[in-house]
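Have the coordinates open while you read.

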Amino acid sequence: MMTILQPPSWARPKGFSHGIAAQGGTTVYIAGQVASNEKGVIETKGFGAQFRQALKNILAVLAEAGGNPEHLVRLTWYVIDKEEYFGAMREVGAAYRELMGKHYPVMAVVQVTGLVDPDARLEIEATAVVP
């Protein structure tokens, strides 16, 4: 049995789900999240600020399944510019520690030539296991 995870105040996405919880353990698959607000609009421009919002979005979807940051087991980052990523490490690190603490799931960072939303500097997808 699967449950679609849709934070109640968010606009419904078209063509995907923000998250799916698979019952029986519960494995949670979180769709790639960009720095959009609850209305689906990206308001921030800088990489660090976009990272903070994308991670907050992941945690909001995870909370719909009763999960917390420590339940994340995988994050895959897609970045437009790896130099921009490296240049924002201080801001990214501060946001990560604030939102995730010292929990470090497996991660991959992949440079891509573009994302569907032209205002996005990165997109992150996640998998979690909620006991």
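What follows covers confidence, then salt bridges, then a residue in a helix.

This is a predicted model, where local features need pLDDT of at least 70, side-chain atom pairs count only at pLDDT 80 or more, and totals for chains, interfaces and linings use all residues. Residues are numbered from 1 along each chain as its sequence is written, and side-chain values use heavy atoms, with hydrogens and water left out.

**Confidence**

- The protein has a mean pLDDT (the predictor's confidence in each residue, from 0 to 100) of 93, and 97% of its residues reach 70 or more.
- Strand β2 (residues 19-22) is where confidence is lowest, with a mean of 79, while helix α1 (residues 47-63) has the highest, at 98.
- Helices (H or I, at least four residues) and strands (E, at least two) are DSSP runs, numbered from the N terminus.

**Salt bridges**

- Searching the whole structure turns up three salt bridges, each being a side-chain nitrogen of Lys or Arg within 4 Å of a carboxyl oxygen of Asp or Glu.
- R52 and E98 pair up through their side chains at 2.6 Å, N to O. That pair links distant parts of the chain, with R52 in helix α1 and E98 in helix α3 (residues 89-100), 46 residues apart.
- On accessibility (buried is under 20% relative accessible area, exposed over 50%, partly exposed in between, with a 1.4 Å probe and protein chains only), R52 is partly exposed at 28%, whereas E98 is exposed at 56%.
- R74 and E125 form another salt bridge, at 3.8 Å, N to O. R74 sits in strand β4 (residues 72-79) and E125 in strand β6 (residues 122-129), so this pair ties together parts 51 residues apart in sequence.
- R74 comes out partly exposed at 25%, and E125 is partly exposed at 25% too.
- E84 and R121 also make a salt bridge, at 2.8 Å, N to O. Here E84 is in helix α2 (residues 82-87) and R121 in the loop between β5 (106-111) and β6, 37 residues apart.
- E84 is partly exposed at 23%, and R121 is partly exposed at 22%.

**N57 in helix α1**

- N57 belongs to helix α1 and counts as buried, at 4% relative accessibility.
- A polar atom of the N57 side chain lies 2.9 Å from the backbone oxygen of S36.
- The N57 side chain also makes a polar contact with the side chain of Q53, at 2.8 Å. A polar contact is a pair of N or O atoms within 3.5 Å; within protein, one must be able to donate a hydrogen and the other to accept it, and residues adjacent in sequence count only if both atoms are side-chain atoms.
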